[in-house]
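Subject: Structure for your review

Dear colleague,

Please find below the structure that I am handing over to you. I would ask you to look through it once before reading the notes that follow.

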Amino acid sequence: MARAQEAVERTLDSKEEKERHRARKEDVKGMDAAVEQHGLDNVFDGDWNGAAGQFLLRWYSHSTHHERLLFAGPNGITFAAPPERVSSGRDRHAQIVARPSPGEATLEDPFSGEFETRILLVRFHDGSWLRVDTEESRSELHMYALRHPSPGRL
């Protein structure tokens, strides 16, 4: 029912609104293709022996909670997580589990701001990466990554 209503509303849209809708649809297609092309539909680059894979193995030993917190600041990035699964208040129970130096890992927008996306990468010193999905697109973390570009973009 909602799709039918949306389709009717689109037919009543102005020419400009129809063009904006078409452009958004093309952006989504382009982003989806870029995500697939670079393997960014995976959690990490797939190399368990690389820095990202080893980081993930250590990370899981710190916390069984499926959601993690990521903070970025002048001294690099900080990862936090609650020590165990909690049903509410994950932020309140979170503890710092890793604070890699900027030489070890950096935060990166893999599309350099081209797409409005929730995807970020933590790029490690050996080129391996870990995908991070933010709660909102163009988040403060995206702005941080764009202001502090890392040398090895995809």
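This is a predicted model: local features need pLDDT of at least 70, side-chain atom pairs count only at pLDDT 80 or more; totals for chains, interfaces and linings use all residues.

**A residue to look at in E4**

Strand E4 covers residues 105–108, and Ala-105 is found in it. Is Ala-105 buried or exposed? Its relative accessibility is 3%, so Ala-105 counts as buried; the cut-off for buried is under 20%.

Which residues is Ala-105 in contact with, leaving aside its neighbours within four places in sequence? They are Ile-77, Pro-100, Val-122, Arg-123 and Phe-124. For one of these, Val-122, the separation from Ala-105 is 17 residues in sequence, while the C-alpha atoms of the two are 6.3 Å apart in space.

**Helix H3**

Helix H3 consists of twelve residues, 51–62. At 1.5 Å a residue, the helix should span 16 Å, and its end C-alpha atoms are 17 Å apart, which agrees.

The buried residues of H3 are Ala-51, Ala-52, Gly-53, Phe-55, Leu-56 and Trp-59.

What covers the buried residues of H3? The cover includes strand E2 (76–81), strand E3 (95–98), strand E5 (119–124) and strand E6 (129–133).

**The sheet of E1, E2 and E3**

There is also an open sheet of three strands in the order E1-E2-E3, again with antiparallel pairing. Its edge strands are E1 (69–73) and E3, each of which pairs on one side only. Here the twist averages 40 degrees from one strand to the next.

E1 and E2 run antiparallel and are joined by five bridges. As an example to locate on the model, Ala-72 has Ile-77 in E2 as its bridge partner. Ile-77 is also among the residues in contact with Ala-105.

Helix H5 (residues 140–147) lies across E1 and E2 and runs at about 40 degrees to E1.

**The protein as a whole**

The protein has five helices and six strands. Read from the N terminus on, its elements follow the order α-α-α-β-β-α-β-β-β-β-α.

How much of the protein do buried residues make up? They account for 36% of its 154 residues. Of the contacts between residues at least 6 apart in sequence, 43% join residues at least 24 apart. The accessible surface of the protein comes to about 10,000 Å², and carbon and sulfur atoms hold 50% of that surface.

Yours sincerely,

A colleague

Key
Residues are numbered from 1 along each chain as its sequence is written. Side-chain values use heavy atoms; hydrogens and water are left out. Helices (H or I, at least four residues) and strands (E, at least two) are DSSP runs, numbered from the N terminus. The expected span of a helix is 1.5 Å times one less than its number of residues. Buried means under 20% relative accessible area, exposed over 50%, partly exposed in between (1.4 Å probe, protein chains only). Contact means heavy atoms within 4.5 Å. Two strands pair if DSSP finds at least two bridges between them. Axes are lines fitted to C-alpha atoms, for helices over the stretch in contact, and angles run from 0 to 180 degrees between N-to-C directions. Accessible areas come from the Shrake-Rupley method with a 1.4 Å probe; for residues, only the protein chains shown count as cover.
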